[in-house]
Amino acid sequence: MTQAASGGFYESSWLKIQWLQVVSQIVHVFTAVTLIGVPFVVRYVVIPNADDATTADIVEGFYSVWPLIVAVVLFSTGLLNFLFANSGSGNSFIGSFLTQFGITVLLKMALLVVIDVISILLGMNEDFQADAEMWLLVLMTIGIVALILGSTLHRGGISLEKSS
Ligand code: HEM
């Protein structure tokens with residue numbers, strides 16, 4: 001499953017660019033916050049305080065384009081984070097998905113697909129809009145599960161060692 005540390009996919013020099021790693025991690029977390037925050041705000045702030053718009057109108061308005069943008073950004077920054085995390089590991093590309101870290105990431109990809117399918121249906125389908133409050137809760141819950149999985153993947157952080 002692994003290959004020699006030299007010359008493998010994870011030896012590419014661009015995977016060592018620190019600023020790119022930081023930007024990708026920040027954008028990933030920011031987008032994750034949006035993914036979970038929007039259904040929360042719609043469910044507990046917008047819907048209870050809407051005077052003349054129906055719940056269906058509200059979710060239709062919110063769930064149009066942004067879930068797709070969020071999915072693309074989360075997926076691409078997540079994949080980048082995964083590549084960065086494996087940099088110098090000596091793993092092959094396929095082999096890196098067959099580790100605990102890789103399987104967790106595959107699980108997160110699957111959760112993102114489920115989140116996006118529900119989000120798209122909320123924007124288009126009257127049956128989903130009729131049960132919008134329940135589906136918003138489902139979206140939040142799946143998002144939080146993905147966030148907890150994400151936190152277990154956390155890598156790097158601030159060094160505890162004295163710099164010389
Ligand atoms: C489903 C929605 C998702 C949410 C809510 C989410 C959330 C998070 C959070 C909060 C972290 C912790 C960041 C940190 O502490 O540094 C994280 C890390 C990570 N996520 Fe996601 N994520 C999602 C989807 C994805 C997807 C689709 C992928 C892969 C394509 C992915 C790959 C990763 C990786 C590899 C890390 C570890 C970053 C590191 O190296 O520290 N995530 N995610």
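Colleague: Does Leu111 count as buried, partly exposed or exposed, and why?

Modeller: In this predicted model, Leu111 is found in helix H5. A residue needs 20 or more other C-beta atoms within 10 Å to be buried, and 12 or fewer make it exposed. Because Leu111 has 16 C-beta neighbours inside 10 Å, the class assigned to Leu111 is partly exposed.

Colleague: With which residues is Leu111 in contact, leaving aside its neighbours within four places in sequence?

Modeller: Contact requires C-beta atoms within 7 Å. Once the neighbours within four places in sequence are set aside, the contacts of Leu111 are Ile142, Val145 and Ala146.

Colleague: What separation is found between the C-alpha atoms of Leu111 and Gly61?

Modeller: Leu111 and Gly61 are 50 residues apart along the chain.

Colleague: Are H1 and H7 roughly parallel or roughly antiparallel to each other, and why?

Modeller: The axes of H1 and H7 lie 9 Å apart, and the two helices pack at an angle of about 150°. Angles over 145 degrees count as roughly antiparallel. The relation of H1 to H7 is therefore roughly antiparallel.

Colleague: How many nonpolar, polar and charged residues does the contact of H1 with H7 have?

Modeller: H1 contributes residues including Ala32, Phe40 and Arg43, which meet a set in H7 that includes Glu133, Met140 and Gly150. By class, the contact of H1 with H7 comes to 13 nonpolar, two polar and two charged residues.

Colleague: Which element gives the most residues to the shell around the ligand?

Modeller: Of the 27 residues around the ligand, those that come nearest are Ala32, Gly78, Ala146, Gly150 and Leu153. Two or more residues of the shell come from each of helix H1 (18–49), helix H3 (66–86), helix H5 (100–124) and helix H7 (132–152). The most, seven residues, are given by H3.

Colleague: How do the residues of the shell around the ligand divide into nonpolar, polar and charged?

Modeller: Among the residues that come nearest to the ligand are Ala32 and Gly78. Over the shell as a whole, the division is 16 nonpolar, nine polar and two charged.

Colleague: What pattern does the protein follow when read along the sequence?

Modeller: The secondary structure comes to seven helices and zero strands. Read along the sequence, the pattern is α-α-α-α-α-α-α.

Notes. Residues are numbered from 1 along each chain as its sequence is written. This is a predicted model: local features need pLDDT of at least 70, side-chain atom pairs count only at pLDDT 80 or more; totals for chains, interfaces and linings use all residues. A residue is near a molecule or strand if its C-beta atom, placed from the backbone, lies within 6 Å of it. Helices (H or I, at least four residues) and strands (E, at least two) are DSSP runs, numbered from the N terminus. Ala, Val, Leu, Ile, Met, Phe, Trp, Tyr, Cys and Pro count as nonpolar, Asp, Glu, Lys and Arg as charged, and the others, Gly among them, as polar. Two residues are in contact if their C-beta atoms, placed from the backbone, lie within 7 Å. Axes are lines fitted to C-alpha atoms, for helices over the stretch in contact, and angles run from 0 to 180 degrees between N-to-C directions. Angles under 35 degrees count as roughly parallel, over 145 as roughly antiparallel, 65 to 115 as roughly perpendicular and the rest as oblique.
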